Amino acid sequence: MEKQIQVAIDGPASAGKSTVAKLVAKKFNYVYCDTGAMYRVVTLAALNRGIDLGDTDKIGELAKQIKISFAPGEPEQKVFLDGEEVTTDIRQGRIDQSVSAVAAVPAVREEMTNIQRQIAEEGGIVMDGRDIGSTVLPNAPVKIFMVATAYERARRRYVENKEKGIETASLEELQKEIELRDKKDSSRKVSPLTQAPDAIRLDTTDLTIDQVVDKISEIIKKTLNEFS
Ligand code: CDP
């Protein structure tokens, strides 16, 4: 069987990581793991239970108690919180606004990182997030850091929300929210959003999804050739 490798895709909010990561995983028959969805599920659980987001002890405990699971789905993977489907719920604006605070809690990161490493043990994996190349899978042979201008990322999110029937803020509001989230994610103490020194930076502002998928696929193929 051909060697299977770990592919880490990181980058700021709404850079198109999930869409691309899922397609790349499909192409190589690898497992796809959307780590952002996991932080979103913890956030949803905290909001549903009325937990004060400043109560980091409670949020840390919650991350250990809940069960997060995934199932294949089109156009996107299905996400479950304690067996209940929350695929659409975790994309709501109220989650966008609170997720960075929850993701900054060290106990939450520790728990999510452990789960993510277990998932990655299974073989070929494409994992997307903020700290995959830097912290979760530091030995991944392929690391991509995807960027695009804040305006383009807001535009993509706006179109995506409309397509998925998710109630959306205006383009301007989305851009502000995205910039604020990037700032929070980049400045937190534990595993902030950062480009790993050995990651390849890919500016996708003027690229189509297919072009990005092709570029990453080429990098994976080249790496696989080096291994064989
Ligand atoms: O889809 P989008 O790019 O807007 O965000 P996401 O990938 O769903 O991630 C949502 C949030 O989870 C981020 O803004 C981070 O606060 C957090 N996150 C993280 O801290 N570490 C990761 N590996 C993935 C996401």
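This is a predicted model: local features need pLDDT of at least 70, side-chain atom pairs count only at pLDDT 80 or more; totals for chains, interfaces and linings use all residues.
View 1. Residues are numbered from 1 along each chain as its sequence is written, and side-chain values use heavy atoms, with hydrogens and water left out. Glutamate 218 meets lysine 221 in a salt bridge of 3.8 Å, N to O (a side-chain nitrogen of Lys or Arg within 4 Å of a carboxyl oxygen of Asp or Glu). Both residues lie in helix H9, 3 residues apart, about one turn of the helix (helices, H or I of at least four residues, and strands, E of at least two, are DSSP runs numbered from the N terminus). Lysine 221 is partly exposed, at 38%.

**View 2. Aspartate 214 and lysine 27.** The closest N and O atoms of this salt bridge are 3.5 Å apart. Because aspartate 214 belongs to helix H9 (residues 209-227) and lysine 27 to helix H1, the pair ties together parts 187 residues apart in sequence. Aspartate 214 is partly exposed at 42%, and lysine 27 is partly exposed at 46%.

**View 3. Lysine 22 and glutamate 74.** These side chains form a salt bridge at 3.5 Å, N to O, linking helix H1 (residues 17-28) to the loop between strand E3 (68-71) and strand E4 (78-81). Glutamate 74 is exposed, at 60% relative accessibility.

How values were computed: Buried means under 20% relative accessible area, exposed over 50%, partly exposed in between (1.4 Å probe, protein chains only).
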